[in-house]
Amino acid sequence: MSVVFSVKSFDMLSTKELYEMLRLRAAVFVVEQDCVYQDLDAKDQYALHLIGVKNDEIIAYTRLFDKGFYFEEASIGRVVVAQEERAYGYGHQLIAESIRVITEEFNTTVIKISAQCYLQKFYNAHGFKQVGEEYLEDGLPHIAMIRDVKL
């Protein structure tokens with residue numbers, strides 16, 4: 001079974017979709033990673049939401065921002081795949097689709113992310129390169145990474 005991706009603005013999300021995406025984010029970032037942080041940061045309303053659905057359930061998700069909102073560059077955040085679904089390569093599909101959507105919707109190929117350090121090689125595989133030094137974000141080690149691929 002494969003994942004079907006869709007992109008929605010905040011206003012287009014159904015109550016069920018909003019609940020499922022917030023539940024997935026909490027399951028991974030708060031419970032699995034044992035990180036207490038303010039997930040509901042009043043930025044979801046300004047993002048595009050990339051939702052990956054399998055068997056009528058959201059199992060993968062990112063939120064996407066145009067340049068100048070979160071960073072000077074366009075950005076991908078809240079990258080999450082349900083723990084039981086990670087063995088199938090959906091994370092790579094999710095990032096590839098996120099890059100495609102940003103390129104098409106925001107007309108840019110320059111993307112900046114704040115990545116958890118342990119995922120550096122994962123993001124390197126998608127053309128992201130580390131910029132700057134390691135830092136703590138919500139108590140977890142992160143690095144800034146930029147992808148700047150000319151079309």
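User: What makes E6 and E7 a hairpin, and what is the phi of Asp 138 in the turn?

Analyst: This is a predicted model, and in it E6 and E7 form a hairpin with 2 residues between them. Asp 138 sits in that turn with a positive phi of about 55°. The two strands run antiparallel, joined by 6 bridges. Two strands count as paired with at least two bridges, so the 6 bridges between E6 and E7 meet the cut-off. One spot to look at is Tyr 135, which stands opposite His 142 in E7.

User: Why are E1 and E6 called edge strands?

Analyst: The sheet is open, with 7 strands in the order E1-E2-E3-E4-E5-E7-E6 and mixed pairing. E1 (4-9) and E6 (129-137) each pair on one side only. On average, neighbouring strands of this sheet are turned by 25° against each other, direction ignored.

User: How do you know that E5 and E7 pair, and in which sense?

Analyst: Again, at least two bridges are needed. E5 and E7 have 7 bridges in the antiparallel sense, so they count as paired. Lys 112, for instance, has Ile 146 in E7 as its bridge partner. E3 (residues 57-65) and E4 (residues 74-81) pass too, being antiparallel over 5 bridges; there Phe 65 stands opposite Ser 75 in E4.

User: What span is expected for H2, and how does its reach compare?

Analyst: At 1.5 Å a residue, the expected span is 24 Å. H2 has 17 residues and reaches 23 Å from its first C-alpha to its last, which is close to that.

User: Which residues of H2 are called buried, and why?

Analyst: The cut-off is under 20% relative accessible area. Residues of H2 that are buried include Tyr 90, Leu 94, Ile 95, Ile 99, Val 101, Ile 102 and Phe 106, and also Glu 97 and Ser 98. H2 lies across E1, E2, E3, E4, E5 and E7 (140-148), running at about 155° to E4.

User: What makes the largest nonpolar core a core, and where does its largest share come from?

Analyst: Its members are buried nonpolar residues joined through side-chain atoms within 4.5 Å, so that makes them one set. There are 36 residues in it, and Leu 64, Ile 76, Ile 113, Tyr 123 and Phe 128 touch the most other members. The largest share, 7 residues, comes from H2. Leaving out residues up to four places away in sequence, Ile 113 touches Phe 71, Ile 76, Tyr 123, Phe 128, Ile 143, Ala 144 and Met 145.

Note on methods
Residues are numbered from 1 along each chain as its sequence is written. This is a predicted model: local features need pLDDT of at least 70, side-chain atom pairs count only at pLDDT 80 or more; totals for chains, interfaces and linings use all residues. Side-chain values use heavy atoms; hydrogens and water are left out. Helices (H or I, at least four residues) and strands (E, at least two) are DSSP runs, numbered from the N terminus. Axes are lines fitted to C-alpha atoms, for helices over the stretch in contact, and angles run from 0 to 180 degrees between N-to-C directions. Contact means heavy atoms within 4.5 Å. The expected span of a helix is 1.5 Å times one less than its number of residues. Buried means under 20% relative accessible area, exposed over 50%, partly exposed in between (1.4 Å probe, protein chains only).
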